[in-house]
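Please open the model in your viewer and keep the selection panel at hand. The stops below proceed from one part of the chain to the next.

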Amino acid sequence: MQFKTNLHCGSCLRSATPFLEAIENLPAWSVDLGHPDRILTVESEDAAMAEAIVSALEEAGFEASLV
């Protein structure tokens, strides 16, 4: 699944990483900072996981929406 985020740079990514890594059983993930929508890709189709990812990024001070 993919999320549009407002992660703008490596510093944003470093700030968000501990929040994402705190999600239990989070599969592999990556962020394309070169894409205009800063796409976060996660290897999962679990709706509960999607909610956890959005919540974690919000807690870190960022926004994310499933695309």
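How many residues lie between E2 and E3 in their hairpin? Six residues lie between these two strands, and Arg38 in the turn has a positive phi of about 45 degrees. Helices (H or I, at least four residues) and strands (E, at least two) are DSSP runs, numbered from the N terminus.

Before going further, note that this is a predicted model, in which local features need pLDDT of at least 70 and side-chain atom pairs count only at pLDDT 80 or more, while totals for chains, interfaces and linings use all residues. Residues are numbered from 1 along each chain as its sequence is written, and side-chain values use heavy atoms, with hydrogens and water left out.

Within the pair, Ser30 has Thr41 of E3 as its bridge partner, and Val31 stands opposite Leu40 in E3.

**The sheet.** Now display every strand. The four strands make an open sheet in the order E2-E3-E1-E4, with antiparallel pairing; two strands pair if DSSP finds at least two bridges between them. The edges are E2 (29-32) and E4 (64-66), each of which pairs on one side only. From one strand to the next, the twist averages 25 degrees.

**The helix across the sheet.** Select H2 together with E1 (2-5). H2 lies across E1, E3 and E4, and runs at about 20 degrees to E1. Contact here means heavy atoms within 4.5 Å. Axes are lines fitted to C-alpha atoms, for helices over the stretch in contact, and angles run from 0 to 180 degrees between N-to-C directions.

**The helix pair.** Show side chains next: Ala16, Phe19 and Leu20 in H1 meet Ile53, Ala56, Leu57 and Glu59 in H2.

**The whole chain.** Finally, zoom out. Along the sequence, the elements follow the pattern β-α-β-β-α-β. The C-alpha atoms fill a box of roughly 25 × 20 × 15 Å, taken along the principal axes.
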